[in-house]
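Subject: Structure handover

Hello,

Here is the structure I promised to pass on. Please open it first, then read my notes below.

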Amino acid sequence: MKRVYPVEERCINCHLCEVACIVSHSRTKTALGAYQVEKLSFNWVRPHALDPAVALAEGTPLPLNRCRVDVQGSVFISTSCRHCQEPDCVKACKNGSLYLDEVGRVLLREDHCVGCWMCLMACRYGAIERNPYVKNVPGQESNGINHHCDLCRDRSHPACVSICPTQALVYEERGSS
Amino acid sequence: MGNTTTLSDNPRVSNPANTNGSKSGLPPATSPKSDLMGLQSLRPDDHFHSYPEYFVERRHEECIRCLVCVRQCPYDCTYYDPDRDVVYNVHQNCVNCKRCVAMCPTHCIRIERFDSGFRDNGHWGTHLVRGLRKQADTGGVLLTGLGNDLPYPSYFDRIVLDASQVTNPSIDPLREPMELRTYLGRKPESYRPGSPGEVFPNILCEIPVLFAPMSFGAISYNFQHGLALAAQEMGTYFNTGEGGLHPDFRKFRDSVIVQVASGRFGVDPDYLLSSAACEIKIGQGAKPGIGGHLPGEKVNAEISRTRMIPVGTDALSPAPQHDIYSIEDLRLLIYAIKEATEYTRPVSVKIAAVHNTAAIVSGIVRAGADIVVIDGFRGGTGAAPMIIRDHVGIPVEVALAQADQRLREEGIRHQASIIAAGGIRNSADVVKAIALGADAVYIATSAMIAVGCTLCQQCHRGLCAWGITTNRPDLLPRLPADQAAGRLTGLLRGWQHEIQEMLGLMGLNSIESLRGNRLKLRGVGLTQLELQTLGIRQAGL
């Protein structure tokens, strides 16, 4: 199965993969639409805004990118879900909202997830984020739902790979992981 | 040149080392502008030189605050104000490298001249006024990169090519063989079948275009790697410049010309033997008569290892080679290198095009050089005083024509090949240079443009936003070696086809038949004396 692999020495810290991810998962599928119409802000600068509780209380949108450029000094790397062959998150998911599909992608049944965060605890790569805007438990305080890379289900090629200007992300078959 | 400064760097704004490991990879929240409180100027002298050259026009309604531009700008020109959620620009730091324009996902950035310059003046150009004010402020030599950018006339643009019509057939290179193969080095005096006589080492170029000397240090590791890969792929050569050959690149020994310059950086027997040819650098077209200066800040561990100098020390090449004060001295060094390489490689000598080039080239050939490189005043540099870059040296076209003519008259043209360098912009320039007497050409600026260079002339600052002339670890990945190699190969392939077409339309099927074939050239708008100097005829005659 093809997966997205980062190439650390090619990453230039531009974060265009994050932009492409947000845009490709937006309703309007355009950068301006995602930012201005859907208010999917790309503002990563304010550290407090990364806390969903604070963001919700403030009304500031959370960046909903499913890949994330990690920065350590001058080393950059874009990380996202590894789509493991035997995913710990799927094993940990107690109501079956995470599943392996027929080609091997780890996907989410978005209307099932209740935000218990067992997946988040189980993931050894820290690749799972929280999407606080979807709440599946009516009348309950909810943490939102699981949010991770779906390899762009409606595209032939993941958006992050297509946009990367230095080919620091590759989409290829590499045997088992 | 102890006290050096540049037109564009602003002493008020610190170097934007985005390498402090902040969470988002952005500069810390205290942006460089925060101490200015949004005011244009705080220091008493600032109003003398703070006229911005470029204006970064941002259509804020189309800006999605993705901050790609902020992260990509190494010149501290773009910053984000989190309180207002707006991206702003410090216009006076903009060097018009266009990195942000190229990377912006919504194309909301446009860069323009800030204004029309100072009051129109035919004598006092805006760049002169700027330079004077900047110089008065700092008391230093104005440094710059790249080649002479003043509007001197270009002889290449006043030479046109011949084509075959009726009386002689043109050749279709897609249907008939077309030979671009070129051998560089000394050729035998005569040839008799059966007894080849003395054979001299030559290097084979599949295309008469070589990559000019650019040192590791002046250019990035990745770019040099790309040049090496492209040279290997296309059957041509790249040149190390004076910065030595990195151990990783020794495997490209069949595609590299190693340079021995006045600083002797990285020169040892293994270096000389890891090559296809060796080159002695006497001068550089962009700065004839002066040495080189790689600032200590740019000397990192890898460069230190390659150049064999301590980390962080300035790499200063002396102006002359201190063991060469005459043609006889040059002969000693040429033969020292030939001895060291056991006469297995041609030795090249590179000079800048100056007033007496023809006589100098004659002396160099008699001193034993197998290849002579003539570098014209449009040639680029990683760092040179602007005043020298813009006013010293002569166009390569005339120097080349004169040198070729002189060597022919003296009957020693076969003893050395000539490489023309400095301002070769396209394949027509290559064809014209070869018809004027060159065996091959060197390209560097064209190669840099091919991999992204936008001619912003900031090479000397080591902050290249396109990752070409920098070795800062966060900027280096912007030009991956394989991407560079692919683009350079594309450039050379395109030129290869174009040169073949141009040869075909002139009725030639081999680059050999073009060399020094000045009948294929005609001058347009040149004086009698210029035509005579170039050795070509007036168009129409």
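Val160(B) stands opposite Arg522(B), a residue of strand S21(B). This is a predicted model. The pairing behind that contact is antiparallel: S7(B) and S21(B), residues 521-523, are joined over 3 bridges. Both strands belong to an open sheet of 3 strands, ordered S7-S21-S22 in chain B, with mixed pairing. S7 (159-161) and S22 (537-538) of chain B are the edge strands; each has a single partner, so one side of each has no neighbour in the sheet.

A hairpin comes next. Strand S3 (residues 78-81) of chain B runs antiparallel to S4(B), and 4 bridges join them. Tyr80(B) stands opposite Val87(B) in S4(B). There are 4 residues between the strands, and Asp85(B) has a positive phi near 55° in this hairpin.

Now the chain as a whole. Chain B has 14 helices and 22 strands. Its radius of gyration is 24 Å, close to the 24 Å that the globule rule gives for 541 residues, so chain B is as compact as a globular protein of that length. Along the principal axes, its C-alpha atoms fill a box of roughly 85 × 55 × 45 Å. Of the 541 residues, 51% count as buried. Take the contacts in chain B between residues at least 6 apart in sequence: 70% of them join residues at least 24 apart.

In the contact, 16 residues come from domain 1 of chain B and 13 residues from domain 2 of chain B.

On to the core. The largest nonpolar core holds 198 residues. Those with the most contacts inside it are Val372(B), Ile374(B), Leu400(B), Ile419(B) and Val441(B). Helix H13 (residues 481-505) of chain B gives the largest share of this core, 10 residues. Nonpolar side chains tend to be buried together in soluble globular proteins. Leaving out residues up to four places away in sequence, Ile374(B) touches several residues, including Ile351(B), Val361(B), Val396(B), Leu400(B) and Ile418(B).

How far apart should the ends of H13(B) be? At 1.5 Å a residue, its 25 residues should span 36 Å; the end C-alpha atoms are 36 Å apart, which agrees. Gly507(B) follows H13(B) and has a positive phi, near 80°.

Helix H10 (residues 396-409) of chain B has 14 residues. From first C-alpha to last it reaches 20 Å, close to the 20 Å expected at 1.5 Å a residue. H10(B) is mostly covered, with 10 of its 14 residues buried. Among them are Val396(B), Leu400(B), Ala403(B) and Leu407(B), along with Glu397(B), Gln402(B) and Asp404(B). What do the buried residues of H10(B) pack against? Helix H8 (357-366), strand S17 (371-375), strand S19 (417-421), helix H11 (427-435) and helix H14 (528-534), each in chain B. Just after H10(B), Gly411(B) has a positive phi of about 70°.

Best wishes

Methods:
Residues are numbered from 1 along each chain as its sequence is written. Chains are lettered from A and ligands numbered from 1 in the order in which they are written. A nonpolar core is a set of buried Ala, Val, Leu, Ile, Met, Phe, Trp, Tyr and Cys residues joined through C-beta atoms within 7 Å. A residue is buried if 20 or more other C-beta atoms lie within 10 Å of its own, exposed if 12 or fewer, and partly exposed in between; C-beta atoms are placed from the backbone. Helices (H or I, at least four residues) and strands (E, at least two) are DSSP runs, numbered from the N terminus. Two residues are in contact if their C-beta atoms, placed from the backbone, lie within 7 Å. Two strands pair if DSSP finds at least two bridges between them. The expected span of a helix is 1.5 Å times one less than its number of residues. The radius of gyration is taken over C-alpha atoms; the globule rule is 2.2 Å times the number of residues to the power 0.38.
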